Amino acid sequence: MSQASKAAELTLARLHGFRIRIPTNNRLARARSVLIEGSRIPWFDLADDSQKRVGEATRTVFEQYLITRSIVLPSKELRERLRWLLEGPDLPRKDAKTSAHDVQFELLAGAVLALAGISGVRLDEPDWRIPAGDREITVAAKRLSSLKSTTKRVRDAIGQIRRQLIPGIILLNLDQLVGGMSPGEATQFVTSAVKEFRQLVARWKVEDIVFALFGFATSFDWVSTELGGVLRLRVFSKGEIIGSPSDLEDAPRIKAKLRLMGHNIITSAARAMDEIPL
């Protein structure tokens, strides 16, 4: 628990250093309080709703820590996005009012690309841009909050990329769709979902627009030890490299990085967490 608490403190300190106004009752501070309370009770003694709150609080702390850790000097536009991290409800909703959690994933997508070893990632339409020689690849990041909205969200991402007139990557977050699943079930679901989205890309004949499709989900829980609670992170990922635009100089290198994204996320995230003092 002390590690998670310290991660929250470091994140708040970084946001303050970025000149972000810190409201007293912000989402990150509330997440830290939930983790402190949750760590006093063995995980399996927590009620189901309490486990969900602790898991989501862990996600808030962990993701925001990775986001702020990946930023050196935020632009004015990025600072505007960072303010959203402290807003919104503690638990993500499945209706249209998901802005704070959607922005958190969009920012996490940039951090994830950096963790995957892709350099030069910058904030721009539709969400991020990756340099590819003297051109760029666009990145559209979408958080899927319900099965009902998945097709529309993927179609929206394709439309955003199409409007930029250059190839793009779609990053999809499936956290809310794998909630309550076992690790095996979550792995199978993410793999099946990304394959289905890949078929949509082919059916809609946009393979010249979508360079790659990548879906991932994370789950968090506590492992109780004699020394206290320990964070456990699980990452479920699946990628589909769809095309390789011949006119993009660095496309092969970026493809290679994307294929290793899942592994690199886990490795880099573990290294980042190890840097937090206990």
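Gln160 sits in helix H6, which spans residues 150–164. Helices here are DSSP runs of H or I with at least four residues, strands are runs of E with at least two, and both are numbered from the N terminus. The model is predicted, so local features need pLDDT of at least 70, side-chain atom pairs count only at pLDDT 80 or more, and totals for chains, interfaces and linings use all residues. Residue numbers start from 1 along each chain as its sequence is written, and side-chain values use heavy atoms, with hydrogens and water left out.

Is Gln160 buried or exposed? Gln160 has a relative accessible area of 19%, and buried means under 20%, exposed over 50%, and partly exposed in between (1.4 Å probe, protein chains only). Gln160 therefore counts as buried. Setting aside residues up to four places away in sequence, Gln160 touches Pro126, Ala140 and Lys142. Contact means heavy atoms within 4.5 Å. Glu125 is 35 residues from Gln160 along the chain, yet their C-alpha atoms are separated by 8.0 Å.

## Nonpolar cores

A nonpolar core is a set of buried Ala, Val, Leu, Ile, Met, Phe, Trp, Tyr and Cys residues, joined through side-chain atoms within 4.5 Å. The largest one holds 49 residues. Within this core, Leu82, Leu107, Ile169 and Leu171 touch the most other members. Helix H5 (residues 99–115) gives the most to this core, with eight residues.

Leaving aside neighbours within four places in sequence, Leu82 is in contact with Leu15, Phe18, Ile20, Ile67, Ile71, Pro74 and Leu107. Another core, of 25 residues, lies apart. Among its residues are Ala186, Val190, Val194 and Ala217.

## Salt bridges

Side chains of opposite charge can pair when their charged atoms come close. A salt bridge is a side-chain nitrogen of Lys or Arg within 4 Å of a carboxyl oxygen of Asp or Glu. The structure holds 15 of them.

Which residue forms a salt bridge with Arg30? Asp90 does, with the closest N and O atoms 2.7 Å apart. The two are 60 residues apart: Asp90 is in the loop between helix H4 (76–82) and H5, and Arg30 is in helix H2 (residues 27–38). Asp90 also meets Arg53 in a salt bridge (3.8 Å, N to O). That pair is 37 residues apart, with Arg53 in helix H3. Arg53 has 37% relative accessibility, so Arg53 counts as partly exposed. Asp90 is partly exposed too, at 23%.

Glu37 and Arg40 form another salt bridge (2.8 Å, N to O). Glu37 is partly exposed at 48% relative accessibility, while Arg40 is exposed at 58%.

## A buried charge without a bridge

Glu240 lies in strand S6 (residues 228–241). Glu240 is buried yet has no salt bridge. The nearest side chain of opposite charge is Lys238, 4.0 Å away. For charge, Lys and Arg count as positive and Asp and Glu as negative; His and the chain ends are not counted. Beyond neighbours within four places in sequence, Glu240 is in contact with Val194, Lys195, Arg198, Ala212 and Leu213.
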